[in-house]
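The following account leads through a single protein chain, from its overall properties to a few selected sites. The reader may wish to keep the structure in view throughout.

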Amino acid sequence: MSAIVVAAPAFAQENGEVTVYSYRQPFLIKPLLDAFTEETGIKTNFLFAGKGLLERVDLEGRNSPADVILTVDIGRLTQAVNQGITQPVASAVLEENIPAIYRDPRGHWFGLTRRARVAYASKDRVDRNGISYEDLADPEWKGRICIRDGQHAYNVALFAAFLEHHGRAKTQEWLEGVRDNLARSPVGNDREQVKAVFAGECDIAIGNTYYLGVMQTNDQEPEQKQWADSVRILFPAFENGGTHVNLSGMVMAKHAPNRGNAQKLMEFLSSETAQQLYAQINFEYPVGEDVPWSERTRSWGSFRADDVALETIAENRKAASRLVDEVDFNR
């Protein structure tokens with residue numbers, strides 16, 4: 001289990017407080033929590049862990065101070081539910097603010113922002129304005145694609161969506177085609193795939209949209225601005241479908257000691273004000289249908305989100321992961 005950093009006052013289980021456990025780093029979340037405290041007067045405690053957070057909550061059991069857990073990817077959201085460390089929330093506010101496709105029908109998890117899994121295309125070497133996910137297996141792209149580990153959660157979710165659209169046989173054939181089109185073995189994170197396009201190692205990189213914003217604004221590592229400037233986003237879609245999206249989201253901890261305040265925080269985070277702030281800070285897309293996108297995300301273009309239910313993607317993850325191994329995707 002990784003080291004855990006406490007970035008707030010000591011935990012206290014009393015009225016007027018709410019404790020947040022988060023996979024997302026403090027600088028991404030603090031502005032939202034500060035806005036919540038300013039609006040409600042409720043103090044927030046914050047704990048960050050890059051790994052092992054759900055396991056920690058499970059081990060703490062009834063003694064856990066966690067009220068709200070923030071995480072990313074439908075796999076982690078459903079993992080929290082399956083581990084039995086969440087409780088359902090019945091809230092007309094959450095139901096109004098978050099479309100049904102982006103929340104658990106039983107009320108255990110709720111989406112906050114969306115990220116699309118897209119193609120970062122070289123501005124110099126890719127002369128087209130669109131591409132489908134199915135196209136990625138076309139021999140046209142042989143030796144031209146970069147992607148991170150096929151077993152990474154972001155890719156497994158994409159493959160699970162493909163599985164729902166096309167079934168096992170076609171998904172296996174497609175994975176083999178994408179594998180054969182790779183310029184190199186899967187390695188690194190999404191940003192490093194864009195770096196490879198910049199370096200001429202490949203012409204298309206598969207990654208999440210928000211990484212472009214991270215690179216475009218990275219003053220500490222300005223070379224990443226060069227990487228970002230070498231690509232443009234193509235929003236792939238499934239045949240007879242849309243662009244694959246995943247979530248950042250939230251759950252209420254099963255033994256939340258401040259349940260009322262936890263619900264107030266969740267409702268605040270689902271509000272238009274918070275979603276706009278969240279999307280601007282993290283370069284993601286709000287889940288609220290009427291919440292405006294940030295100027296930066298609008299500049300990348302538009303897309304229609306795929307309508308495969310996220311709980312279906314979660315159910316398909318194991319089968320998709322097995323196929324990744326069966327086709328030796330990471331060879």
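The mean position of the 36 positive charges of the protein and that of the 46 negative charges are 3 Å apart. The coordinates are those of a predicted model. The accessible surface amounts to about 14100 Å², and carbon and sulfur atoms contribute 44% of that area.

The overall dimensions may be considered next. Along the principal axes, the C-alpha atoms occupy a box of roughly 60 × 40 × 40 Å. A compact globule of 331 residues would have a radius of gyration near 20 Å, and the protein agrees with this expectation because its own value is 20 Å. Of these 331 residues, 55% count as buried. The secondary structure consists of 12 helices and 11 strands. When contacts between residues at least 6 apart in sequence are considered, 79% of them join residues at least 24 apart.

An α-helix has 3.6 residues a turn, so residues three or four places apart point the same way.

Which residue caps the N-terminal end of helix 3? The cap is provided by Asp73, of which a side-chain oxygen lies 2.7 Å from the backbone nitrogen of Gly75. Asp73 is located in the loop between strand 4 and helix 3. Its relative accessibility is 2%, and Asp73 therefore counts as buried. Although Asp73 is not a glycine, its phi is positive, at about 80°. Helix 3 is followed by Gly84, which also has a positive phi, near 75°.

A further non-glycine residue with a positive phi is Phe283, where the angle is about 60°. Phe283 is placed in the loop between helix 10 (272–282) and strand 11 (285–286). With a relative accessibility of 12%, Phe283 counts as buried, given that the cut-off for burial is under 20%.

The account now turns to a charged residue. Asp203 is found in the loop between helix 6 (190–198) and strand 8 (204–208). Is Asp203 buried or exposed? Its relative accessible area is 12%, so Asp203 is classed as buried. Which side chain is joined to that of Asp203 by a polar contact of 2.5 Å? The partner is Arg125. A polar contact of 2.7 Å links the side chain of Asp203 to that of Arg144. Leaving out residues up to four places away in sequence, Asp203 touches Tyr120, Ala121, Ser122, Arg125, Val126, Arg144 and Val197.

Asn45 belongs to strand 3 (residues 43–48). Because its relative accessibility is 0%, Asn45 counts as buried. The side chains of Asn45 and Glu17 are joined by a polar contact of 3.1 Å.

Ala66 occupies the loop between helix 2 and strand 4. The relative accessible area of Ala66 is 0%, and the residue is therefore buried. Setting aside neighbours within four places in sequence, Ala66 is in contact with Thr19, Tyr21, Val57, Ala253, His255, Ala256 and Pro257. Between Ala66 and Glu311, which are 245 residues apart in sequence, the C-alpha to C-alpha distance is 24 Å.

Val178 is part of helix 5 (residues 153–180). Val178 counts as buried because its relative accessibility is 4%. Apart from residues up to four places away in sequence, Val178 touches Leu136, Ala137 and Phe329. The C-alpha atoms of Val178 and Tyr133 are separated by 9.7 Å, the two residues being 45 residues apart along the chain.

Key: Residues numbered from 1 in each chain as written. Predicted model: local features only at pLDDT ≥ 70, side-chain atom pairs only at ≥ 80, totals over all residues. Heavy atoms only, no water. Helix = DSSP H or I, 4+ residues; strand = E, 2+ residues; numbered from the N terminus. Rg over C-alpha atoms; globule rule 2.2 N^0.38 Å. Buried < 20%, exposed > 50% of the residue type's maximum accessible area, 1.4 Å probe, protein only. Contact = heavy atoms within 4.5 Å. Areas by Shrake-Rupley, 256 points an atom, 1.4 Å probe, with all protein chains shown as cover. Lys, Arg positive; Asp, Glu negative; His and termini not counted. Charge placed at Lys NZ, Arg CZ, Asp CG, Glu CD. Polar contact = N/O pair within 3.5 Å; in protein donor to acceptor, adjacent residues only side chain to side chain.
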